[in-house]
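Welcome! Please take a look at the sequence and the model, then read on.

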Amino acid sequence: MQPKVSFVIPTHDCAPFLPHAVSSAKRQSYQNVEIVVVDDCSQDSTAKYLKWLEKTEPRAKIFISNEHLGRSKARNIGNKLAAGDIILVLDADDYAHPGRAKLTVEKIKNGTEFVYGSAEIMDCLGKRIGLIQADKFDLNRAMEKKMNFIVHSTVAYTRRISEEFPYSDDKEVSDLGIDDWEQQIRIASSGVGMDFIPNVLTAYRILESGVSRTRDERKVSEAKARILEGIKSAVPV
């Protein structure tokens, strides 16, 4: 039997884009798909859409939080709810290309536990404005540049990875939108193999209101430096 894959989609006030993300998960060429949506206390029309989704899509699993948890906690809740052998990350304002799940499963079947790929960049209207080409992950470069060079909505990992390397429960790490970078540095530092798929797996939407455009970069740099110090001190010499 084909391994089950779970698209885990955290969302907060993303009603204009969430249906597109969910539809992209539903329209995968790979069949054994589950869709887990974690609504992080949205104040828009998200709840109404999710009620409809729960009634019409048997593969959907919905969690609605009555308090704003933050992105990291929402991701962890989704990963715990997921029944899949493989977790596919998908942010609510992005969408997955139809072959993403199939390509990911093929790569993970070859022994890799953490996979990522290339991504289109699109504007708020969905118009393609660029491309981020996946390349080999270099831990030293990621630590030196304080960048991971990975689009998180292309990432997938095994259930073991989701359980052993949950996203940080540090609120600042979550609020600054560096929970993905922090997790990836921990995973790579532990010796887990990380491999990439050159194909475009996802379309990544850039919004002026997104955390990467509105956060305090000085705080980001300070938080990353603190994280790196902690990871370096934890790695045996």
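## Before we start

A residue is called buried when its relative accessible area is under 20%, exposed when over 50%, and partly exposed in between, with a 1.4 Å probe and protein chains only. This is a predicted model, in which local features need pLDDT of at least 70 and side-chain atom pairs count only at pLDDT 80 or more, while totals for chains, interfaces and linings use all residues. Residues are numbered from 1 along each chain as its sequence is written, and side-chain values use heavy atoms, leaving out hydrogens and water.

Helices (H or I, at least four residues) and strands (E, at least two) are DSSP runs, numbered from the N terminus.

In soluble globular proteins, nonpolar side chains tend to be buried together. A nonpolar core here is a set of buried Ala, Val, Leu, Ile, Met, Phe, Trp, Tyr and Cys residues joined through side-chain atoms within 4.5 Å. The largest such core has 33 residues, and F114, Y116, Y157 and M194 have the most contacts inside it. Two or more residues each come from β2 (33-40), β4 (86-89), β6 (114-122), α5 (139-145), α8 (179-189) and α10 (217-234). Which element gives the most to this core? That is α10, with five residues. There is also a second, separate core of 31 residues, which includes I9, L53, V115 and A156.

Contact means heavy atoms within 4.5 Å. Leaving aside neighbours within four places in sequence, Y157 is in contact with N79, I86, I87, V89, E113, F114, S162, Y167 and Q183.

## A pair of helices

Two packed helices are described by the angle between their axes and the distance between the axes. Axes are lines fitted to C-alpha atoms, for helices over the stretch in contact, with angles from 0 to 180 degrees between N-to-C directions. The axes of α1 (residues 18-26) and α2 (residues 46-56) come within 11 Å and cross at roughly 25°. The two helices are therefore roughly parallel to each other (angles under 35 degrees count as roughly parallel, over 145 as roughly antiparallel, 65 to 115 as roughly perpendicular and the rest as oblique).

From α1, the residues making the contact are L18, P19 and V22, and from α2 they are T46, Y49, L50 and L53.

Most residues other than glycine have a negative phi, and most peptide bonds are trans. D13 is not a glycine, yet its phi is positive, at about 50°. D13 lies in the loop between β1 (5-11) and α1, and is partly exposed at 35% relative accessibility.

C41 is not a glycine either, and has a positive phi of about 60°. The loop between β2 and α2 holds C41. Is C41 buried or exposed? With a relative accessible area of 17%, C41 is buried.

S72 sits in helix α3 (residues 71-81) and is buried, with a relative accessible area of 1%. Beyond neighbours within four places in sequence, S72 is in contact with Y167, S168, S174 and D179. K80 is also placed in α3, but counts as exposed at 74% relative accessibility. K80 and E106 are 26 residues apart in sequence and 23 Å apart in space, C-alpha to C-alpha.

A60 belongs to strand β3 (residues 60-65) and is buried, at 16% relative accessible area. Apart from neighbours within four places in sequence, A60 is in contact with I35 and L53. A60 and V37 are 23 residues apart in sequence and 7.5 Å apart in space, C-alpha to C-alpha.
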